[in-house]
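Subject: Structure handover

Hi,

Here is the structure we talked about passing on. Please open it alongside this email.

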Amino acid sequence: MFRLTLATRLALSMSLFAGCTATAGAADNAQLTQREDPYFLQAQAQLQQRLKQTPNTNRAKNVILVVGDGMGFSTVTAARIFEGQQRGVDGESNVLAWEAFPYLAAAKTYSADAQITDSAPSAVAMTTGVKTINDLMGLNHTAALNNCEDQQTKAVTTLWEMAATLGMSTGAVTTATITHATPGATYAHIANRDWESDAKMPAAALAAGCRDIARQLVEMKYGNGLNVAMGGGRANFLPDSVSDPEYPGKTGARKDGRDLTQAWLQRYGERGQYVWNQAQFDKIEPGKVDHLLALFEPSHMNFEHDRRQDAAGEPSLAEMTGKAIDILAKNPEGYLLLVEGGRIDHGSHNGNAYRTLSDAVALNEAVKTIVDRVNLDETLVIVTGDHSHTLTIAGYAKRGNPILGIAVGVNGKPLLGSDDKPYTTIGFANGPGGTIPLAERPALTMEQATAPDFIQPALVPLKSETHGGEDLGIYAIGPWAHLFQGTVEENYTFHVMNYASRIGERLSKR
């Protein structure tokens, strides 16, 4: 078969382009106009970069799954612009860390019983390879909500449990509670995602022997359990008779009298550590700890915008991610790590785009840490969301207009609705920013709209904004990342991670 070299193909395509331009009747110098255009040249450079890509088919010794909770395509776009504008560069052409990854697929996120998923079944899809119903974790789709018997008989095995059985190191890092839906889906099997401690469980379920999520973390039976568990949720591990170490007026939540932080230390001895503040975190020496439990708040950790105001101090998501990698990477068998930007989701539920985007930027910093710290020849890195939100980017704002601001047109004048009032570029389809009646929509200023506490306008008034149902991006780099192409089901992510790492294959040979 006759084949043209790459150089010949490129030369031929450019000559054809020039010929087509000339035959269009344009002036001679018009042939060069597009070829000298900076956007044209940028696209040509991107094409050359893509042509040089070759699939990495090494076995993935390590796998890192990064989840921006609630991070749909619109949130990624807004975060890209926001991050660039924060740095004083062109936000529209900015590139987030994961957007530089070479492979991208779109994930269909519906759950087994709903058009629009919640975080539990979407996380289960990625950690176990199956779809289940809303509010369940680690159980198959035939299990019933709140059914303790199903919790004990319809569990599905997570890739983290499989990896731990093989002797790999495993971990989960989040800015939400460590017992929340996404991190919990790496180790827990529960008939209701809200059963984060025994205090939230019905008496009948406790009497039947069902364990809450916090207990399942500390008592994980696969291998030697998780090596790293970092996030919020301290109250779920402390008894209600014990004062919280950071907030003396608060106590733990547990009704069984157990202090699970002490249970963690007893299980892992001198190679285990428990920390709850920044100073203790900073003193951790990865070479001296094999099992780390870090719980920085009674509930969720602070939003990134508010983190530095915390009296006891909280590490950033990037700092936690780096520390987790340093601990896990000691294992010659490799590791499996989940990193979640959990509060991206909460910002959107609150209708507060500033905190949504600030936490997305914090996730971007965590991904930079990952790329800087791992060997991509042997580490598969995947960045995705679990579901979307109703955040929209709309209007005709000029290039460079503040993404959180009111929409200003290319003529420098605010764009107005039919009520002669300005509107914001970012809004939500529903949420706390809804007004009744719509005629009462306020006349906003740029200063009001860009303030950190501003609640974006919403069409339908709700106390809490809802999830969105559109597809999500799956961005990947490293071994077998090229398997992420086209539109796939959300549970496909598990199957790529399993195939790339050969975890299931190696287990079957034991």
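Below are notes on the sheet first, then on the salt bridges.

This is a predicted model, in which local features need pLDDT of at least 70, side-chain atom pairs count only at pLDDT 80 or more, and totals for chains, interfaces and linings use all residues. Residues are numbered from 1 along each chain as its sequence is written, and side-chain values use heavy atoms, with hydrogens and water left out.

**The sheet**

Ten strands form an open sheet with mixed pairing. Their order is E5-E6-E4-E3-E7-E1-E8-E14-E2-E15. Strands (E, at least two residues) and helices (H or I, at least four) are DSSP runs, numbered from the N terminus. Two strands count as paired if DSSP finds at least two bridges between them. Strand E5 (272-275) and E15 sit at the edges, each pairing on one side only. From one strand to the next, the twist averages 15°. That angle uses axes fitted as lines to C-alpha atoms, between N-to-C directions, on a scale from 0 to 180 degrees.

Strand E3 (residues 169-177) runs parallel to strand E4 (residues 228-232), with four bridges between them. Gly 171 has Val 228 in E4 as its bridge partner.

**The salt bridges**

How many salt bridges does a search of the whole structure find? It finds 29. The criterion is a side-chain nitrogen of Lys or Arg within 4 Å of a carboxyl oxygen of Asp or Glu.

- Glu 489 and Lys 108 meet at 3.4 Å, N to O. They link strand E15 (residues 486-489) to strand E2 (residues 103-108), 381 residues apart.
- Arg 373 pairs with Asp 326, with the closest N and O atoms 2.9 Å apart. Arg 373 lies in helix H15 (residues 353-373) and Asp 326 in helix H13 (residues 317-328), 47 residues apart. Arg 373 is partly exposed at 42%, as is Asp 326 at 32%.
- Arg 441 and Asp 419 meet at 2.7 Å, N to O. Both are in loops: Arg 441 between strand E11 (426-431) and helix H16 (446-449), Asp 419 between strand E10 (391-393) and E11. Asp 419 is partly exposed at 32%.

There is also a network: salt bridges link Asp 198, Asp 212, Arg 254 and Asp 256.

Best wishes

Note on methods. Buried means under 20% relative accessible area, exposed over 50%, partly exposed in between (1.4 Å probe, protein chains only).
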